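Subject: Structure for your review

Hello,

Please find the structure below, with notes on what turned up in it. Keep it open while reading.

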Amino acid sequence: VYYIVMNGPSLKHEYFVDQKEIFKVRDSYLSQLKEFKPDSYNAIASSEEMKHYGEEIFQNNCVVCHREKGAGDIGPNLTDDYWLYGGNVKDIFKTIKYGTTKGMRSWKDDLSAKQIAQLVGYVKSLKGSKPANPKEPQGELYKEASDTPVKDSTSTVVK
């Protein structure tokens with residue numbers, strides 16, 4: 001009755017109103033960063049709000065190769081401690097932006113630097129999430145504290 005007789009806003013209209021609010025908050029946060037610089041990786045990657053936007057980007061673009069929750073399929077598992085091209089935020093950013101010679105495409109023409117940084121934040125948040133049926137580890141063991149890869153005999157090193 002509310003929607004038809006009283007001409008209340010449709011669910012679609014309410015959804016778009018909510019989305020406008022979400023984008024206002026996001027734009028406000030991003031404007032605080034002023035001009036995006038590579039040093040802003042950590043600021044965006046550590047923000048819970050930005051991880052939410054990164055998850056949207058992941059769901060729309062990355063699940064085809066990395067599966068839901070980053071468990072890995074054609075692409076590697078993003079939830080373990082092993083990385084093919086480096087596990088720090090700058091390495092992940094470069095991998096997404098420029099792609100790899102092993103099959104991952106470049107996203108530099110489709111995603112802005114801010115969107116890639118949001119995606120990096122989400123990918124970093126997947127570590128240790130233990131999805132169902134994850135793909136086996138690939139690459140080198142990456143330890144966050146030392147910020148350098150450590151070779152481990154159990155990993156499959158692919159370069």
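Arg 67 counts as partly exposed because its relative accessibility is 27%; buried means under 20% relative accessible area, exposed over 50%, and partly exposed in between (1.4 Å probe, protein chains only). Arg 67 sits in the loop between α4 (63-66) and β1 (82-83). Its phi is near 60°, a positive value in a residue other than glycine. For background, most residues other than glycine have a negative phi.

This is a predicted model, in which local features need pLDDT of at least 70 and side-chain atom pairs count only at pLDDT 80 or more, while totals for chains, interfaces and linings use all residues. Residues are numbered from 1 along each chain as its sequence is written, and side-chain values use heavy atoms, with hydrogens and water left out.

Overall make-up

The protein chain has six helices and three strands. Here helices (H or I, at least four residues) and strands (E, at least two) are DSSP runs, numbered from the N terminus. Read from the N terminus, the order of elements is α-α-α-α-β-α-α-β-β. Of the 159 residues in the protein chain, 37% are buried. Among contacts between residues at least 6 apart in sequence, 56% join residues at least 24 apart; contact means heavy atoms within 4.5 Å.

Lys 130 lies in the loop between α6 and β2 (140-143), and its relative accessibility of 72% makes it count as exposed.

Leu 78 is in the loop between α4 and β1. With a relative accessible area of 8%, Leu 78 is buried. Not counting residues up to four places away in sequence, Leu 78 touches Phe 58, His 66, Gly 70, Trp 83, Val 123, Leu 126 and Lys 127. The C-alpha atoms of Leu 78 and Gly 128 are separated by 9.0 Å, and these two residues are 50 residues apart along the chain.

Helices α3 and α6

Two packed helices are described by the angle between their axes and the distance between the axes. The axes of α3 (residues 48-61) and α6 (residues 113-125) come within 7 Å and cross at roughly 95°. Therefore α3 is roughly perpendicular to α6. Axes are lines fitted to C-alpha atoms, for helices over the stretch in contact, and angles run from 0 to 180 degrees between N-to-C directions; under 35 degrees counts as roughly parallel, over 145 as roughly antiparallel, 65 to 115 as roughly perpendicular and the rest as oblique.

On the α3 side, the residues that meet α6 are Met 50, Lys 51, Tyr 53, Gly 54, Glu 55, Ile 57, Phe 58 and Gln 59. Their partners in α6 are Gln 115, Gln 118, Leu 119, Gly 121, Tyr 122, Val 123 and Ser 125. By class, this contact has seven nonpolar, six polar and two charged residues (Ala, Val, Leu, Ile, Met, Phe, Trp, Tyr, Cys and Pro count as nonpolar, Asp, Glu, Lys and Arg as charged, and the others, Gly among them, as polar).

Leaving out residues up to four places away in sequence, Ile 116 touches Phe 93, Ile 96, Lys 97 and Leu 111.

Helix α5

The buried residues of α5 (residues 89-98) are Val 89, Ile 92, Phe 93, Thr 95 and Ile 96. They lie on the same side of α5 because they cover an arc of only 165° around the axis, the arc being that of the directions from the helix axis to the C-beta atoms. At the N-terminal end, Asn 88 caps α5, with a side-chain oxygen 3.0 Å from the backbone nitrogen of Lys 90. Just after α5, Gly 99 takes a positive phi of about 75°.

Helix α1

Glu 14 is in α1 (residues 11-32). At 29% relative accessibility, Glu 14 counts as partly exposed.

Regards

Note on methods:
A polar contact is a pair of N or O atoms within 3.5 Å; within protein, one must be able to donate a hydrogen and the other to accept it, and residues adjacent in sequence count only if both atoms are side-chain atoms.
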